[in-house]
Amino acid sequence: MTVPVPRIDFASSADAEAILREVTANLRAGSVIPYLGTGVTELAKPGVPMNPEALAAFLGSKVALPRRARGNAWAAAQHIESTKHRSTVTALMSEAFAVPVEPTPLHRHLATLSLPLIIDSWYDGAMRTAFADRSDWGEIQGITRAGIGEDRWYRFYDPAGKEVDRTLAQGWSTILYKPHGSIAPAKNFLITDADYVEVLTEIDIQTPIPDEVKVRRTGRNFLFLGCRFNDQLLRTYARQVSKRSAESHYAVVEPDALSKNELRFLVNQGLTPLAIPLARAIEIVLAG
């Protein structure tokens, strides 16, 4: 039986912009958490892969991949790990993101705000770089558990990039949470199918989500900027990271680009879709 595609009545452009201005005011007040997808940095055309498809293409340019792994970053990385070694995966990811990504105006703007939490869902270090003039923040990164011999799901880093004890996170004015890891400061990459199998077995009970992230999301709304939900893994992370927070959340989307699965995700999660071009949405956030 064919599952019908959910119908969404998108607000008019003027109404969507009005909603975003209100959300932006709440963002400045600290009651909205920005969840940054790859589209934010992709607008600046950096010299690194800025979406899963581009990353899959990069990995495929370095290693011959079987057909089943082509076009899928997680499967490509898994094939490389299985046929070569985890160190090869790390080396290729390091090469892919070797060019430092300059923070966009949005990154720099968010770094000036007193935000309790920022979610950044890609591997580049632009958001960390944007915090260069601040010392009252810290970063939590998801890590692979492959070969570490520890029962840990994430690591904590201070502004200088030094790994620190988790107890310090409670005192950070702003936490940058990178659930998939990052090139900076320590080349943590959650990337292979096996990495995610470990996480997905427990993410529904929230074990892989840091406690301080759980505390800071409580009662707050999320604003998804530059995010696509066209991959089950991306949908799972968006759902689980924003779990047990406020009831209403917002996503800047381009209706014509949405897949059936994305439409279903928006409806099932109760996300308010704001049909605003991403560049225009960023203008509104910067002006707010």
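**Salt bridges and overall build of the predicted chain**

Both E139 and R128 are buried, where buried stands for under 20% relative accessible area, exposed for over 50% and partly exposed for the range in between, with a 1.4 Å probe and protein chains only. The side chains of these two residues, E139 and R128, join in a salt bridge with an N to O distance of 2.6 Å; a salt bridge is a side-chain nitrogen of Lys or Arg within 4 Å of a carboxyl oxygen of Asp or Glu. Since E139 belongs to strand β3 (residues 137-142) and R128 to helix α7 (residues 126-130), the pair ties together parts that are eleven residues apart in sequence. Helices (H or I, at least four residues) and strands (E, at least two) are DSSP runs, numbered from the N terminus.

The model is a predicted one, in which local features need pLDDT of at least 70 and side-chain atom pairs count only at pLDDT 80 or more, while totals for chains, interfaces and linings use all residues. Residues are numbered from 1 along each chain as its sequence is written, and side-chain values use heavy atoms, with hydrogens and water left out.

In helix α1 (residues 13-28), E17 and R21 sit four residues apart, about one turn of the helix. They too form a salt bridge, with 3.4 Å between the closest N and O atoms. E17 counts as buried because its relative accessibility is 14%, whereas R21, at 44%, counts as partly exposed. Together with R280 and E283, E17 and R21 are linked in a network of salt bridges. Across the whole structure, the search finds 18 salt bridges.

Turning to the chain as a whole, twelve helices and eleven strands are present. The radius of gyration, taken over C-alpha atoms, is compared with a globule rule of 2.2 Å times the number of residues to the power 0.38. For 288 residues a compact globule would have a value near 19 Å, and the chain agrees with this because its own value is 18 Å. Its C-alpha atoms fill a box of roughly 55 × 50 × 35 Å along the principal axes. Of the 288 residues, 55% count as buried. Among contacts (heavy atoms within 4.5 Å) with a separation of 6 or more, 72% come from residues 24 or more positions apart.
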